[in-house]
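Here's a quick briefing to read alongside the structure.

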Amino acid sequence: MKVFLLNASPKSCGATQEILLTMQGALPAQVESELVCLGDADIQYCLGCKKCYETGQCVRKDGMAELLGKLDAADAFFIAAPSYWADVPAQFKAFIDRCTPFSDTNPHPGHWTLGTGKRCYAIALRTGSSSGECQHIIDTIAHWCGHMGVEMAGSMYFCGIEGKRDIAPHKPAIHAQVKEWFC
Ligand SMILES: Cc1cc2nc3c(=O)[nH]c(=O)nc-3n(C[C@H](O)[C@H](O)[C@H](O)COP(=O)(O)O)c2cc1C
C-alpha cells in the first residue's frame with residue numbers, strides 16, 4: 001500500500017508539515033509513503049480558458065502532471081490545509097482548479113482520471129478556537145474528492161494552532177487516529 005501526504009500550505013516548516021510528519025511516522029511499517037508540500041511544487045493558476053473541455057488537457061505545462069502522477073500511484077491520500085482567511089491557502093485552490101481536466105465535471109469524453117478505489121483523509125488546522133472554519137476546509141477537500149472519484153474516508157481538525165510547537169500535545173491523538181484509520 002502507498003500513501004501520499006499533501007501539505008496544502010505554502011510552507012514546509014510549519015504546523016501542517018508537523019502534523020503530516022507525525023501521521024507519516026504513525027503509519028504501519030509496510031506502508032510506503034511520500035510527503036510533498038504544495039509550496040515546493042510549481043502549480044500555476046487555472047486560466048479559465050476551458051480548453052480542457054475540448055481537449056481533455058490543460059494548456060499549462062508545470063508541476064501538475066508530476067503531482068497527479070504521485071496521487072495516481074497512491075492508494076490513499078492525506079491532505080492537510082491550514083485556514084487562511086477562513087479558507088484554503090491559494091496554492092491549494094490553484095491545485096483544485098487545475099484538477100478540472102481530470103474531474104467528472106469535464107465534458108471531454110475519455111479524459112484522464114485518477115485510478116479507482118482511492119481514499120482520502122482530510123486534515124484542517126487554524127489559530128482560532130471554533131471548529132467551523134476547519135469544517136469548511138474539510139468540506140472543500142470532500143468536494144474535491146467527490147468530483148475526482150475518491151472516497152472521503154475520514155477527517156481530523158486542530159484549533160488553537162499558531163505554529164509547529166503547538167502540535168506536540170496532539171501527537172498521541174494523531175497516532176491513535178492514524179492507527180484507527182490503518183488498523
Ligand atoms: C495568510 C494567513 C491567513 C490566516 N488566516 C487565518 C484565519 O482566517 N483563521 C485562523 O484561525 N487562522 C488563520 N491563520 C493562521 C493559520 O491557520 C495557522 O497559523 C496555521 O498553523 C498555519 O499553518 P502552518 O504553520 O503550516 O503555516 C492564517 C495564517 C496566515 C499566514
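The sulfur of Cys46 sits 6.7 Å from the closest cysteine sulfur, the one in Cys49, so that pair is too far apart for a bond. Keep in mind that this is a predicted model, where local features need pLDDT of at least 70, side-chain atom pairs count only at pLDDT 80 or more, and totals for chains, interfaces and linings use all residues. Residues are numbered from 1 along each chain as its sequence is written, and side-chain values use heavy atoms, with hydrogens and water left out.

**Cysteines**
- Cys49 has its closest cysteine sulfur in Cys52, at 6.6 Å, which is also too far for a bond.
- The disulfide count is zero, where a disulfide means a pair of cysteine sulfur atoms within 2.5 Å.
- Cys46 is partly exposed because its relative accessibility is 39%, and Cys49 is partly exposed with a relative accessible area of 39%. (Buried is under 20% relative accessible area, exposed is over 50%, and partly exposed is in between, using a 1.4 Å probe and protein chains only.)

**Nonpolar cores**
- The largest nonpolar core has 32 residues, and Phe77, Ile79, Phe92, Phe95 and Trp144 have the most contacts inside it. (A core is a set of buried Ala, Val, Leu, Ile, Met, Phe, Trp, Tyr and Cys residues joined through side-chain atoms within 4.5 Å.)
- Elements giving two or more residues to this core include β1 (2–7), β3 (76–82) and α5 (132–148), and α5 gives the most, with seven residues. (Helices are DSSP runs of H or I with at least four residues, strands are runs of E with at least two, and both are numbered from the N terminus.)
- Another core, of 24 residues, lies apart from that one and has Ile19, Val31, Ala76 and Phe78 among its members.
- Leaving aside neighbours within four places in sequence, Phe95 is in contact with residues including Leu6, Leu38, Met64 and Trp144 (contact means heavy atoms within 4.5 Å).

**Ligand**
- Of the 16 residues around the ligand, Ala15, Thr16, Ser83, Arg126 and Glu133 come nearest (a residue counts if one of its heavy atoms lies within 4 Å).
- An oxygen atom of the ligand is 2.6 Å from an N or O atom in the Thr16 side chain.
- A ligand oxygen atom is also 2.7 Å from a polar backbone atom of Ser83.

**Helix α3**
- Ala73 belongs to helix α3 and counts as partly exposed because its relative accessibility is 43%.
- Ala73 and Lys2 are 71 residues apart in sequence, with their C-alpha atoms 7.4 Å apart in space.

Notes:
A polar contact is a pair of N or O atoms within 3.5 Å; within protein, one must be able to donate a hydrogen and the other to accept it, and residues adjacent in sequence count only if both atoms are side-chain atoms.
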